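Welcome! Have a look at the sequence and the 3D structure below, and then we can walk through them together.

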Amino acid sequence: MRDNPGQTIYGIKWSKEGAKLSRTFDIIVAVILLLAVAGATHLHFMLLAGDWDFWVDWKDREFWVTLTPIVAIMFPAALQYMFWKYFRLPIAATLAIVGLMIGEWLNRYYGFHLWSYFPMSMVWPAMLLPSALALDAILLLTGNFLLTAIFGGMAFSLLFYPSNWFMLAPYRLPVQIMDYLASVGDVMGYSFTRTATPEYLRMIERGTLRTFGGHSATVSAFFSGFVCILTYMVWWGFGVLFSRVITVPNTFKKLLGLVPKAAGTSTQQGGKDTKLTTSTVGGV
Amino acid sequence: MATVANATPLGRPSDDRKIVNFKIPAIATVGLLAIMVFYRTFQRMFAWTAGLDSTDPVFDTYWMGLLKAELVLIPLLWVGVWSYIWFTRDKNLYSITPREELRRYFNLVLFIFVYAVAVWFAASFFAEQDASWHQTVVRDTSFTPSHVVLFYGTMPLYVTFGVGSLLYATTRLPKYADNISIPLVLAVAGPFMILPNLGFNEWGHAFWMMEEVFTAPLHWGFVVMGWTVLALGGLLLQIAQHMITLLRQMGELAESEGEVIAG
């Protein structure tokens with residue numbers, strides 16, 4: 001054993017069985033994280049920015065350009081703290097956004113298209129992957145929370161609008177309907193009636209981006225970037241908070257009817273837990 | 001360097017149970033997937049034909065029928081799973097071997113895996129589907145084809161596994177019996193609280209006659225509850241801490257027994 005110090009990894013002497021168990025644990029946890037992150041990010045996004053992303057005639061309004069990056073950066077920021085601090089993995093933003101994309105595409109197809117009969121061309125979800133990749137890349141390159149907030153937050157927002165231009169462009173072509181000028185997206189919105197959402201008529205008319213984009217789209221993107229910087233900082237803090245391992249004494253222990261601990265009988269209770277830092281977490 | 005063939009590293013020759021046993025989690029996962037496919041198929045077949053008017057007798061047959069079945073079966077599942085965990089609890093927690101403790105940690109992680117599968121279907125797949133339905137079909141009842149599945153089907157189902165994993169940890173693992181883990185409680189209680197939040201949601205929709213803007217403040221309760229899923233990060237770190245301690249003990253014991261250490 002002493003001849004081969006490489007077999008002690010991150011302060012742990014790995015038995016064959018222990019190493020195998022560690023790998024199994026990694027795989028199970030990876031799947032749990034993908035499912036949980038995808039579900040939570042999707043729930044969060046759909047209920048805070050969803051309406052502007054559900055319909056193609058709502059996209060390109062000032063709310064979509066402004067709100068989508070602000071809401072979408074929250075979970076990536078919190079997860080980046082956990083993944084970077086404890087595992088040195090610069091993949092958190094991409095993981096969260098990939099999870100969100102999987103959930104959204106599945107639902108737009110099975111829910112909006114197959115169940116409610118909207119054409120996919122009306123309900124495709126926004127593209128956020130370039131923003132997420134940039135956020136992760138900036139964290140990797142700087143290794144610094146503040147710089148990631150400033151440059152990553154701004155990049156996350158500024159990349160969002162052009163990332164979607166390729167899909168959005170055809171819907172912005174002008175068409176003439178009953179002597180009025182409209183966009184293809186507008187015509188689709190009016191053609192496919194959403195019976196239970198009359199409110200949208202008033203809300204979308206408020207924006208100025210519907211006048212074929214222009215400077216207000218850019219202004220909205222920069223404003224969104226500014227808020228993204230602040231949002232990133234707050235949610236990095238959420239990451240700190242939610243990854244803290246806090247315990248309180250179990251006052252209901254009597255209910256469990258446990259046989260009290262005899263002094264010195266427990267092999268596993270005596271020692272303190274390994275402090276989980278980047279140097280010890282390793283393969284577990 | 002000697003190699004001990006078929007060694008049980010922590011010295012429990014009588015304990016030949018596998019540390020990681022996928023059998024029950026696999027059955028639970030396949031069962032969950034079957035239920036989700038059933039829900040989706042049921043919606044596809046009967047939402048448009050029998051789900052548009054709550055005063056229609058066919059609505060009562062199909063959708064209220066499904067709702068009543070859920071309201072009976074899922075609480076029975078709760079009682080069954082939670083009672084089983086409680087009544088088979090280990091009262092001699094402090095005498096278990098590290099190997100047994102490690103086995104139970106894996107059981108807990110697999111329990112959380114099943115929980116995550118159930119949460120994903122509720123929070124992602126069926127939740128946004130609710131938007132596609134309600135922004136298309138006017139709701140005239142709280143028990144719409146979307147709600148019968150989302151609110152009264154998938155959400156109570158994940159509560160089974162969430163509360164179950166909390167109970168399992170508290171009754172099977174010494175460290176969780178000694179001290180309540182706040183990340184574990186948050187990861188279970190937040191999604192659980194989405195269930196009572198439904199009452200507020202339905203009351204708000206009925207009382208204020210709101211249109212189906214999904215981002216309306218009425219829905220923000222769901223969002224805040226959903227944030228607590230982040231506590232799974234803290235929980236997994238905590239489990240990793242405990243498991244590292246056990247694996248270290250395993251490695252040291254294996255070394256003392258002369259087993260080859262993995263490189």
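Predicted model: local features only at pLDDT ≥ 70, side-chain atom pairs only at ≥ 80, totals over all residues.

Residues are numbered from 1 along each chain as its sequence is written, chains are lettered from A and ligands numbered from 1 in the order in which they are written, and side-chain values use heavy atoms, with hydrogens and water left out. Helices (H or I, at least four residues) and strands (E, at least two) are DSSP runs, numbered from the N terminus.

**Where the chains meet**

- Start with the interface: 101 residues of chain B are in contact (heavy atoms within 4.5 Å) with 95 residues of chain A.
- Together the two chains bury about 8,800 Å², 68% of it on carbon and sulfur atoms; buried area is the accessible area (1.4 Å probe) that two parts lose on being put together, summed over both.
- B:Tyr94, B:Glu128 and B:Leu230 supply 10% of the area that chain B buries against chain A, more than any other three residues.

**Empty spaces**

- Rolling a probe the size of a water molecule over the atoms shows where empty space is left.
- On a 1 Å grid over the protein atoms alone, a cavity is a set of points where a 1.4 Å probe fits but cannot get out, whereas a pocket is an open set with protein on both sides within 12 Å along at least five of seven lines; lining residues have an atom within 4 Å of a point.
- Grid points are joined across faces, edges and corners, and a volume is the space filled by probe spheres set on the points.
- There are 6 cavities of 30 Å³ or more, and the largest cavity has a volume of about 160 Å³.
- Among the 20 residues lining the largest cavity, A:Leu47, B:Leu150, B:Phe151, B:Phe214 and B:Phe222 are the closest to its centre.
- H4(B) gives the most to this cavity's lining, with 5 residues.
- By class, the lining of the largest cavity has 13 nonpolar (Ala, Val, Leu, Ile, Met, Phe, Trp, Tyr, Cys and Pro), 3 charged (Asp, Glu, Lys and Arg) and 4 polar residues (the others, Gly among them).
- The largest pocket holds about 660 Å³ of space.
- Of the 21 residues lining this pocket, B:Ile24, B:Tyr84, B:Asn107, B:Phe111 and B:Tyr168 lie nearest its centre.
- H3(B) gives the most to the pocket lining, with 7 residues, and by class the lining has 11 nonpolar, 3 polar and 7 charged residues.

**Salt bridges**

- Over all chains there are 10 salt bridges (a side-chain nitrogen of Lys or Arg within 4 Å of a carboxyl oxygen of Asp or Glu), and 2 salt bridges are found across the interface of chain B and chain A.
- B:Asp178 and A:Lys253 meet through their side chains in a salt bridge (2.7 Å, N to O).
- Within chain A, A:Asp53 pairs with A:Arg108, with the closest N and O atoms 3.3 Å apart.
- This pair links distant parts of the chain, 55 residues apart: A:Asp53 is in helix H2 and A:Arg108 in helix H5.

**A hairpin in chain A**

- Strands E3 (residues 174-177) and E4 (residues 180-183) of chain A run antiparallel and are joined by 4 bridges; two strands pair if DSSP finds at least two bridges between them.
- A:Ile177 stands opposite A:Tyr180 in E4(A).
- The hairpin has 2 residues between the strands, and A:Met178 takes a positive phi near 50°.
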